[in-house]
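Me: I have a model open on my screen and would like to walk through it with you. Could you take my questions one at a time?

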Amino acid sequence: MRNCIGGERVTTGLGPHAWDRSRLRSVSEDDVQLRHHVVHGYRRAYRIAGEGPAVLLIHGIGDSSATWVDLMPGLARRYTVIAPDLLGHGSSDKPRADYSVAAYANGMRDLLGVLGIDRATLVGHSLGGGVAMQFAYQFPERTERLVLVGAGGVGREVNPFLRAVSLPGADLILSALSLPGMRQGTGLFAELIRRLNTDLGQDAPELLNLVDALPDATSRSAFIRTLRSVVDWRGQVVTMLDRCYLTQGMPTMLLWGSRDSVAPVQHAHGAHAAMPGSRLEIFEGAGHFPFHADPARFLALVEDFIETTRPADWSTERWRELLREGRGVGGDFQLASERSAT
């Protein structure tokens, strides 16, 4: 195994594990059933299992904690694993509310507080990767490590479907896609582009599942409000690149599919270059959901990363030093005047 530190090397294998096998516990899917807790008057859904150091799994836009169900029993053998349904998603309430990445980061802090968890390793997928980065920025003292999976907020490019849904009239588009006749047609189209071996074809079935997860106007409204907080007709409008230098001393791993049609793999290389000491792992042939494409490898990589790195040792003094030194945004993400200053 090789760590990617400061360069563009990509690791493809795992080294010998040094885990204490006596620590392993038996965990089944029955142990990760959905639970609920009211925070600030809103019902939050989450799954929790296991014991030990905390690992927080944050899903992407339109998704839910169910996306992690197959992985949770494996992780829960060693760790306390928490997988929430973000507000506006899954079985959590869907109020007319603030669905920005900063608000989601606050929600993660409050849920961990309710559960009595002070610090955690954050694993964020897509939008959840942006939320994880925002959490680490807002609450570095509560962040032990970062694992970013096909994360948003690295480059402007994003799937054209998501750009379209950010436009006025998006609710009509999503409503139409859920109609029986239209759903059958889009399913056939998804199968066609999959057979043609396109990058979009790798992700089309998963993206259609997200549409199926929006059964009513309330769900669709929450989805659109969330999407518009991070995407417009030109692409992604929020960047984490301007603050990536603050991850210095924060163990960080980037996991990406080589054929990701939502957040292109070049975003992974850009983030890796901008994040000092980060580790990059590419899943060849996988799309936007590498943990679905190869769950065994994904699980092994996350476990290896946690077991071979020390939790971040945050200090106020070091944080001040990094802020004062500062660094400009790498690459040509977008003009400084257009960047989100969240």
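Me: What percentage of the 342 residues in the protein chain is buried?
Reply: Happy to start there, and please keep in mind that this is a predicted model. A residue counts as buried when its relative accessible area is under 20%. Over the 342 residues of the protein chain, the buried share comes to 54%.

Me: How many helices and strands are there in the protein chain?
Reply: Both kinds of element are present in the protein chain. The count is 12 helices and 10 strands.

Me: Which strands stand at the edges of the open sheet of eight strands?
Reply: The strand order in this open sheet is β1-β2-β4-β3-β5-β6-β9-β10, and the pairing is mixed. Neighbouring strands in the sheet are turned against each other by 25 degrees on average, direction ignored. A strand with a single partner has one side left without a neighbour in the sheet, so the edge strands are β1 (35–39) and β10 (279–283).

Me: Are the faces of β10 covered or open?
Reply: Let's take the two sides in turn. In a regular strand, side chains alternate between the two faces of the sheet. On one side of β10, Arg279, Glu281 and Phe283 are buried, and on the other Leu280 and Ile282 are buried. With five of its five residues buried, both faces of β10 are covered.

Me: How many bridges join strand β9 to β10?
Reply: β9 covers residues 252–257 and runs parallel to β10. Within β10, Glu281 is the bridge partner of Leu255, and Phe283 stands opposite Gly257. The number of bridges joining the two strands is five.

Me: Which helix lies across β9 and β10?
Reply: The helix in question spans residues 265–274. Its direction makes about 165 degrees with that of β9. The name you want is α9.

Me: Are α2 and α3 roughly parallel or roughly perpendicular?
Reply: The axes of α2 (residues 101–114) and α3 (residues 127–138) come within 8 Å and cross at roughly 70 degrees. Angles of 65 to 115 degrees fall in one class, which means that α2 and α3 are roughly perpendicular.

Me: How do the residues of the contact of α2 with α3 divide into nonpolar, polar and charged?
Reply: From α2, the residues that meet α3 include Tyr104, Met108, Arg109 and Leu112. On the α3 side, Leu127, Val131 and Phe135 are among those taking part. The residues of this contact divide into nine nonpolar, four polar and one charged.

Me: Is Ser219 buried or exposed?
Reply: Ser219 is found in helix α8, residues 217–228. Leaving out residues up to four places away in sequence, Ser219 touches Lys94 and Leu214. The relative accessibility of Ser219 is 4%, and the cut-off is under 20%, so Ser219 counts as buried.

Notes. Residues numbered from 1 in each chain as written. Predicted model: local features only at pLDDT ≥ 70, side-chain atom pairs only at ≥ 80, totals over all residues. Heavy atoms only, no water. Helix = DSSP H or I, 4+ residues; strand = E, 2+ residues; numbered from the N terminus. Buried < 20%, exposed > 50% of the residue type's maximum accessible area, 1.4 Å probe, protein only. Contact = heavy atoms within 4.5 Å. Axes fitted to C-alpha atoms, helices over the stretch in contact; angles between N-to-C directions. Parallel < 35°, antiparallel > 145°, perpendicular 65-115°, else oblique. Nonpolar A, V, L, I, M, F, W, Y, C, P; charged D, E, K, R; others polar. Pairing = 2+ DSSP bridges.
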